[in-house]
2 protein chains.
Amino acid sequence: MKIAQVAPVHERVPPRKYGGTERVISYLTEELINQGHEVTLFATGDSITKGKLVSAVGRSQRFDMSKQEWLMYQCMMLDQIAELAGNFDVIHFHTDYLHFPLLRNLPVPHVTTLHGRLDLPELAALYRHFDQVPLVSISNTQRIPLPWVNWLETIHHGLPADLYRFNSSPEDYFMFIGRISPEKRLDRAIEIALRCNTPLRIAAKVDKVDEGYFNETIKPLLGHPLIDFIGEIDEQEKNRLLGNARALLFPIDWPEPFGMVMIESFACGTPVIAYRHGSVPEIMEQGVTGFIVENQDEAIQAAQRIHEVDRAQCRKVFEERFTVKRMAQKYLSVYQRVQLGNELNSGAVYGQQNPAWRTVVHTRDFLPRGRTPARS
Amino acid sequence: MKIAQVAPVHERVPPRKYGGTERVISYLTEELINQGHEVTLFATGDSITKGKLVSAVGRSQRFDMSKQEWLMYQCMMLDQIAELAGNFDVIHFHTDYLHFPLLRNLPVPHVTTLHGRLDLPELAALYRHFDQVPLVSISNTQRIPLPWVNWLETIHHGLPADLYRFNSSPEDYFMFIGRISPEKRLDRAIEIALRCNTPLRIAAKVDKVDEGYFNETIKPLLGHPLIDFIGEIDEQEKNRLLGNARALLFPIDWPEPFGMVMIESFACGTPVIAYRHGSVPEIMEQGVTGFIVENQDEAIQAAQRIHEVDRAQCRKVFEERFTVKRMAQKYLSVYQRVQLGNELNSGAVYGQQNPAWRTVVHTRDFLPRGRTPARS
């Protein structure tokens, strides 16, 4: 199959360090190539792939790109797609919604994976308008705010099976990995570790927007001898630190759409103690890959009995449910569905040919007779 | 002719107070309708037109719309255009570059007027990529940073002939109208007035971004009895204040792409003293509509001999060069040219059918044999 993967222009594929979306795009792209498909990656010019690369911008510019430049380069990339679309059997977008206006006249089947949170109120108007665009969610919980859109499938993220090594004999510490931000609740992780009298290692990056929170709320907690703040780490360090940990603490306080670090932890054989938010209940298996908790007391009880969890079982869940091979298979089946849908609609998955298509218009006497503006 | 006018979603058409682009779109739309054309305006739902209105957003949101929402609504509007394009003979965009990726597959002739300054370095990469998109500039000076793009025409803005009344007997004061910002140089206008011992009336708005500049640099200058700071004004007040003024002071220090207030002043019969920047030399006629100056001494000399300028002559220049009727005629001739180009290219003004189209791609072995990535 000839497949286009369309990445955001913020960050290289794969990303240098942090960048969940770009990592998933990279894993998926290389796995599809391994399975014999012809994949073209639309991404920054410094991206790395065994496939073909088409770029609107020479290098990733995460750290110095203004909003204006981001929009410019994304527009240039979308035009490259409009130009080259005829070369593909399917186009897979990972670029939020900026490409949606292009889709109506795109002569090729397509699907869009939404990687972000969808519970922001202003998104409802957008997705009311684009409610026929074929979408994939990365968890079922991610869909909740927008149940009426054209969801084709939920496809959980997957990792290369050999990316993380299984570790059956960990050391005696807990691990926290993630951004430092209020919704990640590192403060809870610190409290859990201290109340269990167990060391906590923290691999975390601080975004500019979170510097105030870090300095005021988190920094004062880092002085304790049990707490070891490491900073940002790469994949290799993550494998070692996460694999050696007794458990990963994931005490989030927001509707996390997926939570890659949970399945990374499973891959190492490291169980997870996670608060019941967002995708946690569908990623975790209670008592099998760790514990889902609702408050700090439950978290501390869970931490104290974490040795009951079979680390080999964690790895087995990873291999059964969260490898890139399984993710690629599910995407291939979605690609086949949109191809079939395209044939049935003779030329477009949706669009003017499709009577189900609706547009939210505020209009006076514009639309053809017999046509009612939907939800205006 | 069936014409679509596509406005930005920031502001109503016409705008409530400030908003040069939206004013021009409104004047052009209503004039085309007066001339018997069928015009559809894509704009915010609270816009006012005798034509048809299609809106993606209920009301203009200039003051409370986030960047994210602006992008959302603009995407929804672009999709409405993709859906309804077949209803028009020509589509006229006023939305910067966000619609460019849509153009390649748009089955209808189109033209884009660029309303903003183009001398920002990051725009070069964008317009290198989109160098076949048919464009209209609002002055010749606006084109200078991007000489290689597909400019079809320069069309100066125009005003309804009866919008401002001619005033042959002004009072003895100078006028300043505009945003308060460093590049508008209100400080120079104040110095000119004081050195001429002539009152200055200032009708100006202060954007949030310019509050610091206003408080530090401008506010201390406003205490003098000759200086009268009025704040933001509407069209009627502008007519009265500008028409009664001895001269408009326009001591700008940036490449102003057009400068509507100059032709408003001509319409009132009020001459202009303008610094030689941006569009000033092509809008002004030296000694006829006022004086073009290079420094404060020249400005003050000009202010002292401003009575030599024939106010009736200013109005005559306005009527000959800057009415909306003339602007609409020039746009109609551009619409005819893109229609003709479209027929010659059998289906698109540019695009895959047009061998001149080039894409800046950074690619490895992607493009068909014999095709060289341009300027990569």
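In this predicted model, the side chain of Ser47(B) places a polar atom 3.0 Å from the backbone nitrogen of Val13(B), and a polar atom of that side chain also lies 2.9 Å from the backbone oxygen of Thr44(B). Pairs of this kind are polar contacts, defined as N or O atoms within 3.5 Å of each other, where within protein one atom must be able to donate a hydrogen and the other to accept it, and where residues adjacent in sequence count only if both atoms are side-chain atoms. Ser47(B) is found in the loop between strand E2 (38-42) and strand E3 (52-55) of chain B; helices (H or I, at least four residues) and strands (E, at least two) are DSSP runs, numbered from the N terminus. Ser47(B) counts as buried because its relative accessibility is 5%, the term buried meaning under 20% relative accessible area, exposed over 50%, and partly exposed in between (1.4 Å probe, protein chains only). When neighbours within four places in sequence are left aside, Ser47(B) is in contact (heavy atoms within 4.5 Å) with Arg12(B), Val13(B), Leu41(B) and Leu53(B).

Pro14(B) is found in the loop between strand E1 (2-6) and helix H1 (20-34) of chain B. In chain A, the peptide bond from Val13(A) to Pro14(A) is likewise cis, with omega near -5°. Most residues other than glycine have a negative phi, and most peptide bonds are trans. A positive phi, near 55°, is found at Asn197(A), which belongs to the loop between helix H6 (186-195) and strand E9 (200-205) of chain A and is exposed, with a relative accessible area of 59%.

Strand E4 (residues 90-93) of chain B is covered on both faces, with Val90(B) and His92(B) buried on one side and Ile91(B) and Phe93(B) buried on the other. In a regular strand the side chains alternate between the two faces of the sheet. E4(B) runs parallel to E1(B), to which four bridges join it, and E4(B) also pairs in the parallel sense with strand E5 (residues 110-114) over three bridges; two strands pair if DSSP finds at least two bridges between them. Phe93(B) stands opposite Val6(B) and also opposite Thr112(B) in E5(B).

Residues are numbered from 1 along each chain as its sequence is written, and chains are lettered from A and ligands numbered from 1 in the order in which they are written. Because the model is predicted, local features need pLDDT of at least 70 and side-chain atom pairs count only at pLDDT 80 or more, whereas totals for chains, interfaces and linings use all residues, and side-chain values use heavy atoms, with hydrogens and water left out.
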